[in-house]
Amino acid sequence: MAPKLETLYIRANDIDDEGMAAICEKLKMSTLKSLDLSLNKFTQKSITLLAEILKENNTLEFLGLAGLNLRIKDFEVLLNEFGKFPLTPEEAAILQQRITERDAIVAKNKKAKGKKVEPVPVLPRLVQEEQGAFVAKKEEFTYLNIGLNELDDAAAEEVDKLLARTPGKFSVGITSKSMSVERVQALVAKYGDCLLYTSPSPRDLSTSRMPSSACKKKKKKK
């Protein structure tokens, strides 16, 4: 990938797990902000690999994974890379130590003045609240498209959890013929400003355009 490439749409290119392995390797050090991998042939194996790579990438803001014939369970490991999760005191202490070590590397690199610098690890933010410590993952992310997959009412529950733990700017795209109208309406009522299709829109079946389904959360009143 070009060093300064920010947008890459490679929909419907027959990309399999082998191709995804090559793409994920390049993602580690890329500057991509938008990546659409919809309507390809890779499996849950590549979703797991993608989730691991996201831990080392802090630039990606949009990810398209529509039309892969996957179930919500197949996306589970990826969904766990978004949002705020509680930490035990021990886990919080470990993350704080890693953050301290990272900050030391940053300070050391600044003093290097053009000399060889040490790679800076990508780490999530540690959040301290009255309820305890939390890890905030992928706060820069804004849109995840998982439409045109095998999403049922169980998927609606996972989408609910995802939107509840992510920032207000985060949105998720959904298009499904298996999710009940009641579950869709419940999500709309809870998060507002949504376009949730219970059956695929004809234009979403076109490989030449992005699925338009999106669910955006209401901003909480202060």
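A salt bridge here is a side-chain nitrogen of Lys or Arg within 4 Å of a carboxyl oxygen of Asp or Glu. By that rule, this structure has 14 salt bridges. It's a predicted model, so to speak of local features takes pLDDT of at least 70 and side-chain atom pairs need pLDDT 80 or more, while totals for chains, interfaces and linings use all residues. Residues are numbered from 1 along each chain as its sequence is written, and side-chain values use heavy atoms, with hydrogens and water left out.

**Salt bridges**
- E140 pairs up with K138, and their closest N and O atoms are 3.0 Å apart.
- K138 is buried at 11% relative accessible area, while E140 is partly exposed at 22% (buried is under 20%, exposed over 50%, partly exposed in between, using a 1.4 Å probe and protein chains only).
- K55 and E81 also meet in a salt bridge, at 4.0 Å from N to O.
- These two sit 26 residues apart, K55 in the loop between α2 and β3 and E81 in the loop between α3 and β4 (helices are DSSP runs of H or I with at least four residues, strands are E runs with at least two, numbered from the N terminus).
- K55 is partly exposed at 39%, but E81 is buried at 8%.
- E52, K55, E81 and K137 are linked in a salt-bridge network.

**Helices α5 and α6**
- K190 in α6 and D160 in α5 are 30 residues apart in the chain, and their side chains form a salt bridge of 3.0 Å, N to O.
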